[in-house]
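This report describes one protein chain, from its overall make-up down to single residues. The sequence and the model come first.

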Amino acid sequence: MLGRSERESPAHAAQAAHAAGWSGVAPGSAVATAVPDESIELLDLGTTSDTLATVATIDDLAAVVHLGHPEQPSPRLEEALLAGDPSLIVTAAVAVAPQWVWVAPAGATGGQVVIDEAGMRDCQDLLHGMGVSPRLVPTRTSVDERAALAGPAGSLVVERPRVPAGWVEVPGSERLAGRLPVWYGLLEARAEWPRFDAPAQVWLAVGPSDDHRGSLQHTLAVLSAAGVDLQHLRSHPSARGPHVFFTSFRCATVDVLDGLVAELDGRGVAHRTLAVLPGEGFVPGPVPLAPRWATGAPAAE
């Protein structure tokens, strides 16, 4: 049985589940699915924290979650996982083509643009670049309610399968379809992380071994000795000690991960494996930056 959070796009979450073959994740389960066809719709599990708690407490229930990117995790998801039950882990990833379209009643011009939370997450920068300031509504808001809010002169940003009858795409809609694919993951509750003998992307949260400046150096030394190359490192204040450090790296085999966490245990470093995502070279990769580094003081004349 599969679910999603109330803020996630129903169409995209179901598309990810169908593309990756996650629908019916536990064949023969005694738990009957509450949704007739999980390739079209997934069970709404409520808020993000509710979703994680429900997955942790109900056998044979998994959830489709927005990842950000396998190599560069969503900070919101990292933090939610670490605050959730220790059994929770993301075990697979898939990219899906965005289905967002911008539509309005035939002949409509002007008016407000209504969009939900998932659409705003995926399309906000592009819409703002076109000078559009959308009206945000909860993702649970029905398409009929959104159409009523938009009125006869307004428009919607919505997934293609949910376009109201008689509504047509407006100029600029094609730019939404040209967005980069969106990455989703399969969230499960497991007693241990999956075993793997081919490369996998690992998300590991670690705490410092001691509460003092420079304590991260010891943890980085363990990662370096294990031969992993960090693709993501982020710190966040912690209620226990000065910081939590979130990392993401490619791991060749499960033996490398086993050895790494055993060394962390031996050094008294708190840790939690948040994701094990089989695969490498996840394409498309994270959106690259074009940094402009400081060049130092100008040369004396």
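Is Glu 263 buried, partly exposed or exposed? With a relative accessibility of 38%, Glu 263 counts as partly exposed; buried means under 20% relative accessible area, exposed over 50%, and partly exposed in between, with a 1.4 Å probe and protein chains only.

The model is predicted, so local features need pLDDT of at least 70 and side-chain atom pairs count only at pLDDT 80 or more, whereas totals for chains, interfaces and linings use all residues. Residues are numbered from 1 along each chain as its sequence is written, and side-chain values use heavy atoms, with hydrogens and water left out.

**The chain as a whole**

The chain holds eight helices and 14 strands. The C-alpha trace spans about 80 × 65 × 35 Å along its principal axes. Of the 301 residues in the chain, 46% are buried. Among contacts with a separation of 6 or more, 76% are between residues 24 or more positions apart; a contact means heavy atoms within 4.5 Å.

The accessible surface of the chain is about 14,800 Å², and carbon and sulfur atoms contribute 54% of that. These areas come from the Shrake-Rupley method with a 1.4 Å probe, and for residues only the protein chains shown count as cover.

**Charges and salt bridges**

There are 20 positive and 34 negative side chains in the chain, and the centres of the two sets are 6 Å apart. Lys and Arg count as positive and Asp and Glu as negative, while His and the chain ends are not counted. Each charge is placed at NZ of Lys, CZ of Arg, CG of Asp or CD of Glu.

Side chains of opposite charge can pair when their charged atoms come close. The whole structure contains 16 salt bridges, each being a side-chain nitrogen of Lys or Arg within 4 Å of a carboxyl oxygen of Asp or Glu. Three of these pairs are listed here.

| Positive residue | Negative residue | N to O distance |
| Arg 140 | Glu 6 | 3.0 Å |
| Arg 195 | Asp 258 | 2.6 Å |
| Arg 267 | Glu 263 | 2.9 Å |

The salt bridge between Glu 6 and Arg 140 has a 3.0 Å N to O distance. This pair links distant parts of the chain, 134 residues apart: Glu 6 is in the loop between β1 (2-4) and α1 (10-20), and Arg 140 is in the loop between β7 (135-137) and α5 (143-150). Glu 6 is buried at 19% relative accessibility, whereas Arg 140 is exposed at 51%. Glu 6 and Arg 140 also belong to a network of salt bridges with Asp 44.

In the pair of Arg 195 and Asp 258, the closest N and O atoms are 2.6 Å apart. Arg 195 sits in the loop between β10 (182-189) and β11 (200-206) and Asp 258 in helix α8 (residues 254-266), so the pair ties together parts that are 63 residues apart in sequence. Arg 195 is partly exposed at 49% relative accessible area, and Asp 258 is partly exposed at 23%.

Arg 267, the partner of Glu 263, is partly exposed, with a relative accessible area of 41%.

**Cysteines**

The whole structure has zero disulfides, a disulfide being a pair of cysteine sulfur atoms within 2.5 Å. Cys 123 is buried at 0% relative accessibility, and Cys 251 is buried at 1%.

**Helix α1 and strand β5**

The buried residues of α1 include Pro 10, Ala 11, His 12 and Ala 13. Buried residues of this helix pack against β1, β3 (62-68), β4 (88-96), β5, β8 (155-159) and β10. After α1 comes Gly 21, which has a positive phi near 75°.

Val 101 belongs to strand β5 (residues 100-105) and is buried at 1% relative accessibility. Leaving aside residues up to four places away in sequence, the contacts of Val 101 include Leu 156, Val 158, Val 163 and Leu 176. Pro 75 is 26 residues from Val 101 along the chain, and their C-alpha atoms are separated by 27 Å.

**The segment after β14**

Val 287 is in the segment after β14 (271-278) and is exposed at 59% relative accessibility. Val 287 and His 69 are 218 residues apart in sequence, with a C-alpha to C-alpha distance of 9.3 Å.

Terms used:
Helix = DSSP H or I, 4+ residues; strand = E, 2+ residues; numbered from the N terminus.
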